[in-house]
Amino acid sequence: MKKPILSILCFALSLSVQSCDNKTDSIKIVSNKKNPISSVLINENRSLAFLIDSLQVKQHNISIQINKSDYILMVLNKAEILKSYRMVLGSNPKDDKRMEGDRCTPEGTFHIVSKYPHKSWRKFIWIDYPNDESRRKFKEAKLNGEIPKDAKIGGEIGIHGTPEDSDYLIDDKVNWTWGCVSLKRKDVDEIYPYINEGTEIIIEK
C-alpha cells in the first residue's frame, strides 16, 4: 500500500472567537493531498470539540487516518485534517499484520465496531480486523508459505490509551502494543465522543 501523503499547504480559517488573552484565534485546515506529511501536529493546541463546533462538522463526515511511518493519527472532516496526534504501534511497527502474535498493526480500510471504557488503557475503540481484505491476505500468505499453516489470523485490534502514568511511551515513540494503536490518555479521551460504530479507519504504511 502506498504511503499516505498530506499537503503541507494550508490556509487559515479565521473565526470570531476570543482566546483567554482576548486575541482572535484561527484554525488551521490542512488538505489531505499527496505531499510529505509535516512533522508539526495540526491544531495541537485546539480541542477537537472546539474545532468540530466552530466548523460545524457533521459527525458522519468524520474519519480517522493513521500513518504508521510518521506515527501520526489524524481526525478528518471529509478530505481535510481537523487535528493530528502522535501515536505508537505494535512492537513490530513496519510490517502489515498477517497473523495472531506477530505484534504488527494491520494496514487497510477498517470500521469501528464498538467502543468502551477500559480499566487499563483508559478507552478502547475496537475496529473490524479481520475484515474480508485481511482474510484474503491471510489466506494468500499461508498459500505462499509466508506464515505457518496452523497460524491464526488474530483479532481484538483497536485504538486505546496508555497504562496510567505512561504517556511517556508516546513521547519516546515506544511501540509497546500487540498490534493496536496507542494514543496518550487525554488524546483518546478527546477523540472518543466523536467516533462511533461505522466510523472509517484507514491505516497506511
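Lys68, Glu107 and Lys205 are joined in a network of salt bridges (a salt bridge is a side-chain nitrogen of Lys or Arg within 4 Å of a carboxyl oxygen of Asp or Glu). The model is predicted, so local features need pLDDT of at least 70 and side-chain atom pairs count only at pLDDT 80 or more, while totals for chains, interfaces and linings use all residues. Residues are numbered from 1 along each chain as its sequence is written, and side-chain values use heavy atoms, with hydrogens and water left out.

**Exercise 1.** Find where Lys68 and Glu107 lie, and say whether each is buried or exposed.

*Solution.* Start with the distance: the closest N and O atoms of Lys68 and Glu107 are 2.9 Å apart. Lys68 is in the loop between strand S3 (62-67) and strand S4 (72-77), and Glu107 is in the loop between S5 and S6, so the pair links distant parts of the chain, 39 residues apart (strands are DSSP E runs of at least two residues, helices are H or I runs of at least four, and both are numbered from the N terminus). Last, check the accessibility. Lys68 is buried, with a relative accessible area of 3%, and Glu107 is buried too, at 6% (buried means under 20% relative accessible area, exposed over 50%, partly exposed in between, with a 1.4 Å probe and protein chains only).

**Exercise 2.** Work out which elements the salt bridge between Lys123 and Asp189 links.

*Solution.* The side chains of Lys123 and Asp189 meet at 2.8 Å, N to O. Lys123 sits in strand S7 and Asp189 in helix H4, 66 residues apart. Now compare the burial: Lys123 is buried, with a relative accessible area of 15%, whereas Asp189 is partly exposed at 24%.

**Exercise 3.** Describe the nonpolar cores and the contacts of Ile201.

*Solution.* Begin with the largest nonpolar core, which has 35 residues (a nonpolar core is a set of buried Ala, Val, Leu, Ile, Met, Phe, Trp, Tyr and Cys residues joined through side-chain atoms within 4.5 Å). Leu48, Ile66, Leu73, Val75 and Ile201 have the most contacts inside this core. Then zoom in on Ile201: leaving out residues up to four places away in sequence, Ile201 touches residues including Ile64, Ile66, Phe110, Ile127 and Ile159 (contact means heavy atoms within 4.5 Å). Finally, a second, separate core of six residues includes Leu41, Ile42, Ile72 and Ile81.
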